[in-house]
Amino acid sequence: MTLDLADLHASLSDPLLDAMTFLNEVTTRYPDAVSFAPGRPYEGFFEPEDVPAHLDAYLAHLAARGLDRDAVRTALFQYGPTKGIIADLVARTLANDEGLTVAPEALALTVGAQEGMLLALRALCATPDDVLLVSSPCYVGVTGAARLLDLTTRPVPEGPAGGPDPEAVRAAARAVRAEGRRPRALYVVPDFANPSGTSMPVDARTRLLAVAADEDLLVIEDNPYGFFVRACGERPTLKALDRHRRVVYLGSFAKTCFPGARLGYVVADQEVTGPGGRRTLLADELARLKSMTTVNTPALSQAVIGGMLLRHDCRLRAANAAATAHYAAGMDTLLRELERHFPASARRRLGVSWNRPEGGFFAVLTVPFTADDAAMERCAREYGVLWTPMAPFYPGGGGERLLRLSISSVTQRQIIEGVAKLAAFITSC
């Protein structure tokens, strides 16, 4: 039987999916190129022998809680609770690292933060008139998830200080409402955002929450990179500042532990009322949705991450101190090398500029040519360096002369080599 693409869901024809597929394929085709494309963590921090050590730590934890061999067997080998089995350890970690007091019952463990995103969007957006506001540029995972769910998104441009401008959020919410639709939620990555690398100042976070209250918006805060802020408490999360339970918080262990575990979580402490006086937490409602998708989150992944948390006293900031220093040094090197290859006179002549993130994985470069897939492939083939076009990150259009550089999976030597090759390519265009 042959299927017509026109008879399948429209998202399968979305160029956004093609863009990400192309990026994965082109990276494979040029394995020797210096790759500033992926946002995956540096593999030098992963040791295979750590996996059984983490698992042993979690097994010891279960034994200390009084579980016998049969109970441990059931916990690891059987389908488990839909909301997960390590919520208490995650809650302790959030308290230690973020100053965030969360009841374990308000947590749902998910198959990566991407599943948490899908569940939150599906639960919160009830009708075709519900609109999701997204920062622009925006992580393609959330715009892709919205596309799969047939949800409408409305881009909100990032402000000059970093992150979506609170007043622009207000204006977007009111414009949506004037169209007869409901602005339901705002998706935002406040720390070292993907793709822009920008971070929201504390005063902007406070103002954003005030706007959310004024406009009756929920805020979906995605925080995969916040653990790499150089000082704990330097910039509190939106959830830590939230006094009215407007923030649904997405977390991930991909960058702080290891991505192969595919473990994320949602903090959804909003109360949900139903018929007959029924009261639950939003986390419980997300679990009901999850029971019809992935059923539950793999117990083995939870056990390994739980063991890692236990081995570090549920303090991931301390555990990730070396990684934080590594990524900070990599970003410093990238910015220094860009400055070296493009002094002020060359920047003016070529029309090149870049932002200066305080850390994280990503920086954005403005170039004098259309930074599309064809240009990226030519750069890889002829100059041996890869990067990511920015246009797919702009849901409302734009970004054609911007490219993203990621330092997360390369060494400082590769950064130095890669910037030199990139500079040669840009100069040749």
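**Cavities, a pocket and some local backbone features**

The structure is a predicted model, in which local features need pLDDT of at least 70 and side-chain atom pairs count only at pLDDT 80 or more, while totals for chains, interfaces and linings use all residues. Residues are numbered from 1 along each chain as its sequence is written, and side-chain values use heavy atoms, with hydrogens and water left out.

A cavity here is a set of points, on a 1 Å grid over the protein atoms alone, where a 1.4 Å probe fits but cannot get out; a pocket is an open set with protein on both sides within 12 Å along at least five of seven lines, and lining residues have an atom within 4 Å of a point. Points are joined across faces, edges and corners, and a volume is the space filled by probe spheres set on them. Three cavities of 30 Å³ or more are counted by this rule.

Among the residues lining the second largest cavity are Pro137, Tyr139, Glu158, Asn194 and Pro195. Its lining comprises nine nonpolar, two polar and one charged residues (nonpolar: Ala, Val, Leu, Ile, Met, Phe, Trp, Tyr, Cys and Pro; charged: Asp, Glu, Lys and Arg; polar: the others, Gly among them). Serine 136 and proline 137 are joined by a cis peptide bond with omega of about 10°, and proline 137 sits in the loop between β3 (130-136) and α6 (140-148). Another cis peptide bond, with omega of about 20°, links asparagine 194 to proline 195, in whose case the loop is that between β5 (182-188) and α8 (202-214). Helices (H or I, at least four residues) and strands (E, at least two) are DSSP runs numbered from the N terminus.

Turning to the second largest pocket, its space amounts to about 390 Å³. It is lined by 21 residues, of which Phe45, Phe46, Asp50, Cys257 and Met308 are the closest to its centre. At least two lining residues come from each of α2 (50-64), α11 (299-311) and α13 (321-341).

Positive phi values are also found. Aspartate 216, in the loop between α8 and β6 (218-222), has phi near 55° and is exposed, at 54% relative accessible area. Arginine 262, in the loop between β7 (247-252) and β8 (263-267), has phi of about 50° and is partly exposed at 39% (buried is under 20%, exposed over 50%, partly exposed in between, with a 1.4 Å probe and protein chains only).
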